[in-house]
Amino acid sequence: MIYLVTGGSGFIGSHLVEKLLKHGHSVINIDNFDDFYDYQVKIKNTLDSLEKNIDFEFSDKENDIEKLISISKSERYILYYQDIRDKNGLEKIFENHQIDLIIHLAALAGVRPSIERPLEYEEVNVRGTMNLWELCNQFGIKKFVCASSSSVYGNNEKIPFSETDHVDQPISPYAATKRCGEILGHVYHSLYSIDMIQLRFFTVYGPRQRPDLAIHKFTKLISEDKEIPFYGSGNTARDYTYIEDIIDGVMKAIQYLENNSRVYEIINLGESEVITLTEMLSGIEKNLNKTATKKILPMQQGDVEKTNADITKARNLIGYKPTTNFQNGTKKFMEWFLRK
């Protein structure tokens, strides 16, 4: 099978690419190495996903990415340095490959930055995604897995969050763009018979986690004896989901799409284990054997108070069964962090 993965050099994407290649598939990776965080992180992710133990010497972004494309290309893997907002550029890629299924992970991420740059988030997360669906219709690609987010639930009062809950009151532009993607996805499914699964990811963590996310950010700052930003009272809570469980869920969604037709589903992928900010920090302190110095700050606009996934549908429909609890997951993350 030939899979196109958008955002395949990111945190989740690089793990998925690694898994697909290990299963003997071919992968086309589209990533624009956005400046949201250091492009060097994505280069390292890419090399790790390809299991290339190379002492990469960095110079400047354009040359480094060109070098990465050259050394990573193989019979079963090719990387394109491409922005999904550029439909003409995407079209050339689609013309050159017989794509069986698309896993769309590329997006501008983050709740807080979306408040500062809402129009850019709309361009990437909505228009960019529509470009892919337009090309699916043009080139007859009928299978599509799309990354949504637990952010769509906003401050939902019903716990745990279920796919049947009302989710039309998002509290950040990021969440709104993800909800738009779900709605527009159904339009393309209905009009052009594109089988589609929208996966609502719940706070993914683990090796290669983005450096701006809390677990990684706190770990780095505490290990360097630096102050950490601590928003609110510490009672906010998240359904933390380990990366291996998320990838298992994505792989099962792919398998379900390949074996079924007339599919449009929205599915939660979470751990069903809710951890408060205070508990999360305590776990990091324990693993590092250090005490954090906290800078107490008010709650940020757009941040939800709690996420908690009802994963009943994921279990029943695709056989999703997370196996890594938070304690073991953070231990694995720490092992990766300390040796990287």
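A cavity here is a set of points, on a 1 Å grid over the protein atoms alone, where a 1.4 Å probe fits but cannot get out, and its lining residues are those with an atom within 4 Å of a point. Grid points are joined across faces, edges and corners, and a volume is the space filled by probe spheres set on the points. The model is predicted, so to speak of local features takes a pLDDT of at least 70 and side-chain atom pairs count only at pLDDT 80 or more, while totals for chains, interfaces and linings use all residues. Residues are numbered from 1 along each chain as its sequence is written, and side-chain values use heavy atoms, with hydrogens and water left out.

With that settled, the cavity itself can be described. The structure holds one cavity of 30 Å³ or more, and the volume of the largest cavity is about 70 Å³. Its lining is made up of His-104, Ala-106, Ala-107, Asn-125, Thr-129, Cys-146, Ala-147, Ser-148, Thr-177, Lys-178, Gly-181 and Gln-198. Helix 6 (118–139), strand 5 and helix 7 each give at least two residues to this lining. Helices (H or I, at least four residues) and strands (E, at least two) are DSSP runs, numbered from the N terminus.

Strand 5 deserves a look of its own. It spans residues 143–149, and seven of its seven residues are buried, where buried means under 20% relative accessible area, exposed over 50%, and partly exposed in between (1.4 Å probe, protein chains only). Lys-143, Val-145, Ala-147 and Ser-149 point one way from the strand, Phe-144, Cys-146 and Ser-148 point the other way, and all are buried.

Which strands flank strand 5? Strand 4 (residues 101–104) runs parallel to strand 5 and is joined to it by three bridges; two strands pair if DSSP finds at least two bridges between them. In this pairing, His-104 stands opposite Cys-146. Strand 6 (residues 195–201) also runs parallel to strand 5, with seven bridges between the two, and here Ser-148 sits opposite Arg-200. To get from strand 5 to strand 6 the chain passes through helix 7 (residues 173–192), making a right-handed β-α-β crossover. Right-handed means that, with the strands pointing away from the viewer, the path from the first strand over the helix to the second runs clockwise.The loop between strand 5 and helix 7 is the place of Pro-160. A cis peptide bond, with omega at about -5°, joins Ile-159 and Pro-160.

Next come the charged pairs. Side chains of opposite charge can pair when their charged atoms come close. A salt bridge is counted when a side-chain nitrogen of Lys or Arg lies within 4 Å of a carboxyl oxygen of Asp or Glu, and the structure holds 21 of them. One of these links Lys-22 to Glu-51, with the closest N and O atoms 3.4 Å apart. Lys-22 belongs to helix 1 (residues 11–22) and Glu-51 to the loop between helix 2 (39–49) and helix 3 (61–72), so the pair ties together parts that are 29 residues apart in sequence. Lys-22 and Glu-51 are both exposed, Glu-51 having a relative accessible area of 56%. Glu-51 also has a phi near 55°, a positive value in a residue other than glycine.

Another salt bridge sits between Lys-158 and Asp-165, with 3.1 Å between the closest N and O atoms. Lys-158 is partly exposed, at 41% relative accessible area, whereas Asp-165 is buried, at 11%.

Glu-182 is buried with a relative accessibility of 1%, and Arg-179 is buried at 18%. Elsewhere, salt bridges that share partners join Glu-18, Lys-22, Glu-51 and Arg-208 into one network.

Asp-225 is not a glycine, yet its phi is positive, at about 60°. Asp-225 is found in the loop between helix 8 (214–223) and strand 8 (227–231), and is exposed, with a relative accessible area of 62%. Arg-238, in strand 9 (residues 237–239), is buried at 17% relative accessibility. Arg-238 and Arg-112 are 126 residues apart in sequence, and their C-alpha atoms are 16 Å apart in space.

As for records, UniProt lists residues 4–332 for "domain: NAD(P)-binding" in an unreviewed entry; its positions are given in the numbering used here, feature names are shortened, and annotations may be inferred rather than shown by experiment. Over residues 4–332, the model is 44% helix and 18% strand, with the end C-alpha atoms 29 Å apart.

Definitions and conventions:
On a 1 Å grid over the protein atoms alone, a cavity is a set of points where a 1.4 Å probe fits but cannot get out, and a pocket is an open set with protein on both sides within 12 Å along at least five of seven lines; lining residues have an atom within 4 Å of a point.
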